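Here is a short briefing on one chain of a model. The structure comes first, then the points by topic.

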Amino acid sequence: MSFPISIGGFIAVYIFMVTAFAGWVIIGRVPAILHTPLMSGSNFVHGIVVVGGIFTLLNASTPLEQAIGFVAVLLGAGNVAGGFAVTQRMLAMFQSSGHPTKHTKHAKRAAPAALKSISPKKA
Amino acid sequence: MLITISQLIIGSVDLIAAFLLMFGLWRMASPVTAPSGILVAGVGMLAAVVASFLYVFTVDAAAKPHLPLNIGLAATALLIGAGIAWWSGRKVAITAMPQAVALFNGMGGGAAGAIAAVELFGSQTHGVGPLVVTLLGALIGSISLSGSVIAWAKLDALLKKPLHVPGLQIFNGVVLLACLMVGAYIVFAAVGGAAPVLTMPHLIEIFFGIALLYGILMTLPIGGADMPVVISVYNAFTGLAVGLEGFVLQNPALMIAGMLVGAAGLLLTLLMAKAMNRSVAKILFASFGPGKKRKQGAIKGSLKPVQASDAGIFMRYAKSVIIVPGYGLAVSQGQGKLYDFVKLLQAAGASVKFAIHPVAGRMPGQMDVLLAEAGVPYDLIVQLADVNEEFKDADVALVIGANDVVNPEARTDKTSPIYGMPILNADQAKKCYVVKRGDGKGYAGIVNPLFYADNTFMVYGDAAAVCVSMTEAVRGLGAPAAAA
């Protein structure tokens, strides 16, 4: 028994079609207030390209392939880590009127530099 | 045996990861569930990255001797890339968020392009179909990389003015066509055995060179205010490139995650374009601004400057205030000071709302994040469609650092470049204060009749400084506001 994955042309088109439809539906539900975190979050999601980069680099057999593969993993890792850090930070800031204390806790931990811009009285 | 087990584990983990990424985005539907959504997606991503090291058991025979070095390289690249990006993602100011997202997005496009490059240089792709898909992913990924870098430079004010060269769009079309032709030639040379004029590596280098050049040329003429759309387009591009390379690598998780983002980016792009009442094609391929000279009708009325302290005290006694924030607020980093002032008004019994235009700022929803950073609860932040009817009952509309999104010309003047764009009805409020640094025009380069209206008063100054003066003036009054 073995489990190689093999996706032919038409199957790929089906996958793309269903996923695009799902993406359209999922994203359509997101309110405008969250559009920046959404964009940053979807930016994080396509960071999965780093997995492809690792696969490619592990299979590299010439110095040229190794060099480009290294760049692929480097950039992909940056995409993933940066996308996550930024999205998580932004979402932690969204609080309803009911939870004002929770916000300051998050803001202090996540954005010490940004907090300085808020009034000295508050800080 | 080891191969079978590692394939089984990678396949299952990737399946779970793909589900968690989708589920994470699903939870973005509300500010309440969104923070846990990104954590869920993060767990999926982490699992997929860790599992991908099991590929060491499945590598090609040719790569076996290089395996120890490759593992070291992969781990090093992962640590360096993730480390630097994590650190900068944590440090970057909230106002600089659009730049950061543009840059991280460009990295993803670059990674997809680099994967395609390895496949092409190593001649690992066979057959017309896979080759075309690889090249298409390479093209889109490369455009996304160089275009995002230009977008980042523009947003970071390293590149100040949009480039306006006559005939640039035609030249760009030729460049894109040349790129497609080189790509087609690569396919013919690889599959049909057409005698290459140049060696294959050279052809591939030329292909990537032209693709990167096109990304730069395509982005240079686009102005700062169109950046929400551009970032959204490149986000979709990177997603698409990742999806296509996922097919080349036969990795369904990449295909699904990539296509998901491709669809998301497309939808957001269309929403943005609709909010600006312009077509996506016009934003990307025709910039407005200089060049189209138009005679604007004579404007009735005059600009009436007032002191920030007077404006602040007037609002202290208002019952309802709607605030329209714009990019100027982000530039001056005045969001926290604005909210301090708002808290005084609320303590004095006023109802205060923030009205957000879909294209306010340099990224869709940038104002929402900015206000959230200052601690404004999201239930005080309302979107254009939900708030526009309330302006006529509001005592004061406070326009702070915004211009084109409150220009009533968009409703009435058919010759105006922004005609038809939905605007916030700040002009219908009983009184309107406009906080501006000077008499400059907005991005669209047109005079705003709202500023000349009888019930509009201009408060000149930096948004943050004006908020401080207004706060001090209201605090100076003592009374209930002093309690805040």
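At roughly what angle do the axes of helix H6 and helix H7 of chain B cross? The answer is roughly 155 degrees, with the axes of H6 (residues 168–192) and H7 (residues 200–219) of chain B coming within 9 Å. This is a predicted model: local features need pLDDT of at least 70, side-chain atom pairs count only at pLDDT 80 or more, and totals for chains, interfaces and linings use all residues. Residues are numbered from 1 along each chain as its sequence is written, while chains are lettered from A and ligands numbered from 1 in the order in which they are written.

**Helix pair**

- Axes are lines fitted to C-alpha atoms, for helices over the stretch in contact, and angles run from 0 to 180 degrees between N-to-C directions.
- The crossing angle makes H6(B) roughly antiparallel to H7(B) (angles over 145 degrees count as such).
- The H6(B)–H7(B) crossing is left-handed (the near helix is turned anticlockwise from the far one by less than a right angle).
- Residues of H6(B), including Val175(B), Cys179(B), Val182(B) and Ile186(B), meet residues of H7(B), among them Leu203(B), Phe207(B), Ile210(B) and Tyr214(B) (contact: C-beta atoms, placed from the backbone, within 7 Å).
- Helices (H or I, at least four residues) and strands (E, at least two) are DSSP runs, numbered from the N terminus.

**Sheet**

- Six strands of chain B form an open sheet in the order S3-S2-S1-S4-S5-S6, with parallel pairing (two strands pair if DSSP finds at least two bridges between them).
- S3 (381–383) and S6 of chain B are the edge strands, and each pairs on one side only.
- From one strand to the next, the twist averages 25 degrees.
- S1(B) and S4(B) run parallel, joined by five bridges. Ala397(B) in S4(B) is the bridge partner of Ile322(B).
- S4 (residues 396–400) of chain B pairs with S5(B) in the parallel sense over five bridges. Val435(B) in S5(B) stands opposite Ile400(B).
- S5(B) also pairs in the parallel sense with S6 (residues 456–460) of chain B, over five bridges. Here Tyr433(B) stands opposite Phe457(B).

**Burial**

- S5 (residues 431–436) of chain B is mostly covered, with five of its six residues buried (20 or more other C-beta atoms within 10 Å of a residue's own, C-beta atoms being placed from the backbone).
- In helix H11 (residues 308–316) of chain B, Ala308(B), Ala311(B), Gly312(B), Met315(B) and Arg316(B) are buried.
- The buried residues of H11(B) fall within an arc of 140 degrees seen down its axis, so they line one face of the helix (the arc is that of the directions from the helix axis to the C-beta atoms).
- The packing partners of the buried H11(B) residues include S1 (320–325), helix H13 (335–347) and helix H17 (463–476) of chain B.

Note on methods:
A residue is buried if 20 or more other C-beta atoms lie within 10 Å of its own, exposed if 12 or fewer, and partly exposed in between; C-beta atoms are placed from the backbone. Two residues are in contact if their C-beta atoms, placed from the backbone, lie within 7 Å. Angles under 35 degrees count as roughly parallel, over 145 as roughly antiparallel, 65 to 115 as roughly perpendicular and the rest as oblique.
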